[in-house]
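Dear colleague,

Please find below the structure that I am handing over to you. My notes on helix packing, salt bridges and the surface follow it.

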Amino acid sequence: MPELELPRPDPADVFPAAELERIETYRGVARWLWVGSTAIELLVLALLAWRARRLAARAACWARGRLRTAAAMGIVASLAVWLATLPVGAAGHWWGRRYGLSAQGYGAWLSDRALSLLVTTVLVVLVVAGCVFLAGRLGRGWWTAAALGLAGLGVLVVLVQPLVVQPLFNRFAPLRDPSLAAEIEVVGARLGVDVAAVEVADASRRTTAANAQVTGIGPTRRVAVYDTLLDGRFGRDEIVAVSAHELAHVARHHVWKGAAWFALLAIPGLALIAWVTSRRGGLRDPALVPLALLCAFVLFVATLPVQNAVSRRYEAEADWLALTATRDPDAAIELDRRLALTGLVDPDPPGWARILLATHPTALERIAMAEAFRRGS
C-alpha cells in the first residue's frame, strides 16, 4: 500500500447532522460501558488475587491435585468475571436494542453469553493448567516453553474456529446468487485468491449491523458475508467491495500475521508474569493463578494501542487492495458510509477511543482513501 497523505474531511460533509448526533449518543454510552466493564474485570481479578490463598485451599479439598486445583482456580476466575460484568453487558444489550442495533431478545443474548463463557473457560483452563505444569517442571524458565505452547494454541484456535466455535453462534449457507458469487470469485482471482465458496452467516438473528469476515487458515478458511448485507440496504457493487476487502486479508496473509503478533507479544508478557509470580514463590503454586490472570489482563489492556495500530494498518492495506481489485471507489465510499450509518459507527471518534478501541480506520479515513484512489486512477 502506498503512503498516502489523506485529507481529513468534515463529518458533516459526509453524514447528516441528525445521524451524527444519534451515532455520538449511542457510541458515547457504549464507550463508557466498555470502561466500566474493564474496570470491573480488573477489580474482580484483583480481589481474587488478594483472597487466592483461601480459595486455593478450598479448591484443593475437592480438586485433589496441583493441576486440577489450578484449573479450578481458572474456572472460578472466569465465572466470577462473567457474573460481575453481566449487568454491564445487559445494559449494553438494552442500549443496542433501544437504538435498533441488536435484534436479539434477552434470553437469546444470555444464551450467547453463556456459550462465550464456555469457550473462554476452556481456553483459560488449558492455558492455566499448561503454565502451572511447566512451572512445576521447568522452574523459573517455564515461560520460554509456555510462549511456544501459547503460540501453537493460538494457531490451533484460528484453525478450528470455523469448525468448532463459529457454528455455536451462527449458521452458514452458500451464497444463493450465482452471478454475485461469480463476481466475487473474479475479484478473488485478481487478488490471487482462490475462492472455493462464499458463505452467508445468519447474523440478522443478533444484529441489524452489516459486515463480512474471513476466518480460519488453510483448509478451514471461510469467507462469509452477513445476511444483513443482503437485505436490500446495500447495492451489489458494495457487497462485492466488502467481499474484496475480506479477500485482500487472505491475499496478504493477515490472519497468519495476526497469529504471529500474538506469539510475539506473548513472549514478554509471559516473562513478566513469570517475574511477578516468582516473587511469591512461582506459578507452580495454584494459588498464584488469579495473580497471573490479573497480570495477563493488565498486559492485554496496556498493549491495546499496539494491537489496534497493527489491526488498523492491516485493515487499511485490505481497503487499498480491494480498491485495486474492484476499480470502484464510488462503491467503496458508499459502502463505508452505509456501514457507519447502519452499524452506528462513529466516523470521527475521540482520540482515546481510537487508541484503545478502534481496530479499523475511521469511516472518514476510508472514504478519504477511496477518494485518493479515484483521483489517482
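**Helix packing**

Helix α7 (residues 178–190) and helix α8 (residues 236–251) have axes that come within 9 Å and cross at roughly 40°. α7 is therefore oblique to α8, where angles under 35 degrees count as roughly parallel, over 145 as roughly antiparallel, 65 to 115 as roughly perpendicular and the rest as oblique. The crossing of these two helices, α7 and α8, is right-handed; a crossing is called right-handed if the near helix is turned clockwise from the far one by less than a right angle, and left-handed if anticlockwise. Axes are lines fitted to C-alpha atoms, for helices over the stretch in contact, and angles run from 0 to 180 degrees between N-to-C directions. Helices (H or I, at least four residues) and strands (E, at least two) are DSSP runs, numbered from the N terminus.

Please note that this is a predicted model, in which local features need pLDDT of at least 70 and side-chain atom pairs count only at pLDDT 80 or more, while totals for chains, interfaces and linings use all residues. Residues are numbered from 1 along each chain as its sequence is written, and side-chain values use heavy atoms, with hydrogens and water left out.

With helix α3 (residues 52–63), the angle is about 125° and the axes are 9 Å apart. This makes α3 oblique to α4, and α3 passes α4 in a right-handed crossing. With helix α2 (residues 17–50), α4 packs at an angle of about 165°, the axes being 9 Å apart. α2 and α4 are therefore roughly antiparallel to each other, and their crossing is right-handed.

**Salt bridges**

How many salt bridges does a search of the whole structure find? The count is 17, a salt bridge being a side-chain nitrogen of Lys or Arg within 4 Å of a carboxyl oxygen of Asp or Glu.

One of them joins the side chains of D202 and R171 (3.4 Å, N to O). This pair links distant parts of the chain, 31 residues apart: D202 lies in the loop between β2 (199–201) and β3 (212–215), and R171 in the loop between α6 (142–169) and β1 (172–174). Buried means under 20% relative accessible area, exposed over 50%, and partly exposed in between (1.4 Å probe, protein chains only).

R374 forms a salt bridge with D330, with the closest N and O atoms 2.3 Å apart. Here too the pair links distant parts of the chain: R374 is in helix α14 (residues 363–376) and D330 in helix α12 (residues 329–343), 44 residues apart. R374 counts as partly exposed at 37% relative accessibility, and D330 counts as partly exposed at 46%. Salt bridges that share partners also join E238, E334, R337 and R338 into one network.

The side chains of R233 and D231 meet in a salt bridge as well (3.0 Å, N to O). R233 is partly exposed, with a relative accessible area of 28%, and D231 is partly exposed at 45%.

**Surface**

L118, V122, L123 and L126 make a nonpolar surface patch of about 340 Å². Patches are made of residues with over 30% relative accessible area and no salt bridge, like charges being joined within 9 Å and nonpolar side chains (Val, Leu, Ile, Met, Phe, Trp, Tyr) within 5 Å. Accessible areas come from the Shrake-Rupley method with a 1.4 Å probe, and for residues only the protein chains shown count as cover. L123 is placed in helix α5 (residues 106–138).

With kind regards
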